[in-house]
Amino acid sequence: MSSPSQRPAAPRIVVINPNSNAEVTAGIDRAVEPFRAAGVSIACETLAEGPFGIESQRDADAVTLPLANRVTRSDAEAWVIACYSDPGVHVCREAASAPVFGIAECAVLSALARAERFGVIAIKDGSIRRHLRQLRELGLIGRLAAERALNMSVAETASGTGTLERMVVVGEALRDQDGAGAVIMGCAGMARHRRPLEDALGVPVIEPCQAAVTLAIGTLLG
């Protein structure tokens, strides 16, 4: 029998929050905590070079090279880019020697397994254009029921008051007016609201970081 010191180390997944808001990172860490029971190591990091919130295409483009530089280090068996714009994911896939998962792409795949059509709760109206562009690139725009915005900042979704109540209102519109059978939370800062939002809406609610970590675990342990 091998001793504990001889056992292979658990596969390591690094989840990178591309904005510099440590409170968002803490929320992501809490959201993925249950998945550590699968026998993997999950480290959640804050990209110090990032803006306080990624709320524009300029913000998303600005973190591409810092993210690529980070994933070139060989200290993970899988990487998760924890921003719903999936910033730099293609560049990171070129740069990394390990799989790279974007949370938006993974959340959509998870939603498609739960419902015919899905809705997305965005942080701001300006975010929706980026998200629609990605869905068109993936060839999945036809499965989108609608995307509606909270018109709040990333920081407000992570720690502000009244966020859940606003998310319930937007989620009900996606469900009742747009016909969404599942709802994706379109920002990593919303992570702490997944379960109460699902309880309020009565339809599956997808937390993107959880969706990406699930696929990463399946890749490493499958």
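Arg143 counts as partly exposed, because its relative accessibility is 25% (buried is under 20%, exposed over 50%, partly exposed in between, with a 1.4 Å probe and protein chains only). This is a predicted model, where local features need pLDDT of at least 70, side-chain atom pairs count only at pLDDT 80 or more, and totals for chains, interfaces and linings use all residues. Residues are numbered from 1 along each chain as its sequence is written, and side-chain values use heavy atoms, with hydrogens and water left out.

Arg143 sits in the loop between helix H6 (125-138) and S6. Helices (H or I, at least four residues) and strands (E, at least two) are DSSP runs, numbered from the N terminus. Leaving aside neighbours within four places in sequence, Arg143 is in contact (heavy atoms within 4.5 Å) with Leu112, Ala115, Glu116, Arg117 and Phe118. Val203 is 60 residues from Arg143 along the chain, and their C-alpha atoms are 16 Å apart.

**The sheet.** Four strands form an open sheet, ordered S6-S5-S7-S8, with parallel pairing. Two strands pair if DSSP finds at least two bridges between them. S5 and S7 are joined by four bridges. Phe118 stands opposite Ala182 in S7. S6 and S8 are at the edges with a single partner strand each, so one side of each has no neighbour in the sheet. Helix H8 (residues 163-176) lies across S5, S6 and S7, at about 155° to S6.

| Strand | Residues |
|---|---|
| S5 | 118-122 |
| S6 | 144-149 |
| S7 | 182-185 |
| S8 | 205-206 |

**The helix pair.** H5 (residues 103-112) packs on H10 (residues 208-221) at about 85°, with the axes 8 Å apart. Axes are lines fitted to C-alpha atoms, for helices over the stretch in contact, and angles run from 0 to 180 degrees between N-to-C directions. That makes the two helices, H5 and H10, roughly perpendicular (65 to 115 degrees). From H5, Ile103, Cys106, Ala107, Leu109 and Ser110 meet Pro208, Cys209, Ala211, Ala212 and Leu215 of H10. By class, this contact has nine nonpolar residues, one polar and no charged.

**The core.** The largest nonpolar core has 54 residues, and Ile13, Phe118, Ile121 and Ile184 have the most contacts inside it. Such a core is a set of buried Ala, Val, Leu, Ile, Met, Phe, Trp, Tyr and Cys residues joined through side-chain atoms within 4.5 Å. H5 gives the most to this core, with seven residues. Beyond four places in sequence, the contacts of Ile184 include Tyr84, Ala107, Phe118, Ile121 and Pro208.

Definitions and conventions: Angles under 35 degrees count as roughly parallel, over 145 as roughly antiparallel, 65 to 115 as roughly perpendicular and the rest as oblique. Ala, Val, Leu, Ile, Met, Phe, Trp, Tyr, Cys and Pro count as nonpolar, Asp, Glu, Lys and Arg as charged, and the others, Gly among them, as polar.
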